[in-house]
Amino acid sequence: TTGKPLPNTFYAKAGTEKIFSVRTLQESIRLHWQDNYLAFLLLIPGIIPTWRRCRLIVAWILILLILTAFTVDFVWHHGRYTLPLAPFMMITAAIGVQWIMEHIPARARPWLGAAIVLLFVLSGALRLPRWATQLGQNSYEILAMDVAMGNWLAQNTPPDALIAVDDIGAICYLSGREIFDLNGLISPEMWPVIREESQGHLKSEAATRIMSTVQPDYLAVFPLWHWELANNSQVAKPIERFQVDSRSIIGDQEAIIYETQWPYLEAFAVLEPPFAELGQDIHLLNYEFTPPADAGDLIYLTLYWQNEQPVTERYDVFVHILNPDNEIVA
């Protein structure tokens, strides 16, 4: 479906400012160390005997840690991309215990084995309250935001509505609506924005340009991620707000559903030649002018622009009213 060798989920998330992220490697190692201190230490005696038994296990541990540092600049959501290593690290740790037991006097094995098992359980138990609290906090945020938004969309939008979404998981599943994914997991149209444009203002402009073509009926987004679009009253009208008092896994503490209307036309009458051109890429194709019926009435002027290429510079559009002597009067 993508014309590329790896899944679309890879291209949506992959991207680094550096060739190799030392930060990612350090954070991944630290998270696995915090998972179970003793199991991590037992990797040291377990690596070589594990390599002799099954080289794929050791290769998987080392290669995934290193590849992740080439792929992303920092770990996501408690090291989600290296979580698959946990069972292989436990296998290697168990082989490390076996190696230790084989190299100590037989009389010491019973009590040493019991001590290792006890320390292993205690090491895991020390981390259990933190991970349990983390899981509860994460679940609360997802339920209060994504699940609530998905249920709201299912109950309050037409079945054929197109929703542009920042966080697709629960919203996509529960809403039952067609989704345009602003992070590119299921909408490859967003890849150029995510991978090639810088963060912040340029990304916001590029995302708006793509959405003006897709024209979703609703936005279910974090407004701080789309500040200019969310505050454009001509396009986005807020209709429902969702908030949480923490941020442990959710993208932001506030998400808003907007009803949209897009002031962009697919076709209209074009003057021949175009009324005005700015360089080779921007054309003023037509305009509509309604003169005032009486003195003091408003003048209505609509300009129809078209850009042939993405506009990389910023322009201000302004209108001058001239008298017969070409003097500016307003």
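In which sense do strand 6 and strand 7 pair? Select residues 276–278 for strand 6 and residues 282–290 for strand 7, and you will find that they pair in the antiparallel sense over three bridges. Strands here are DSSP runs (E, at least two residues), numbered from the N terminus like helices (H or I, at least four), and two strands pair if DSSP finds at least two bridges between them. This is a predicted model, in which local features need pLDDT of at least 70 and side-chain atom pairs count only at pLDDT 80 or more, while totals for chains, interfaces and linings use all residues. Residues are numbered from 1 along each chain as its sequence is written, and side-chain values use heavy atoms, with hydrogens and water left out.

Next, select E277, whose bridge partner in strand 7 is H283. Three residues lie between the strands of this hairpin, where G279 takes a positive phi near 65 degrees.

Now select W60 and F88, whose ring centres are 6.3 Å apart with planes at 75 degrees, so the pair is edge-to-face (rings of Phe, Tyr and Trp, the last by its six-membered ring, pair if their centres lie within 6.5 Å; planes under 30 degrees apart are stacked, over 60 edge-to-face, the rest tilted). W60 lies in helix 5 and F88 in helix 6, 28 residues apart.

Finally, select W33, Y37 and F40, which ring pairs link into a cluster.
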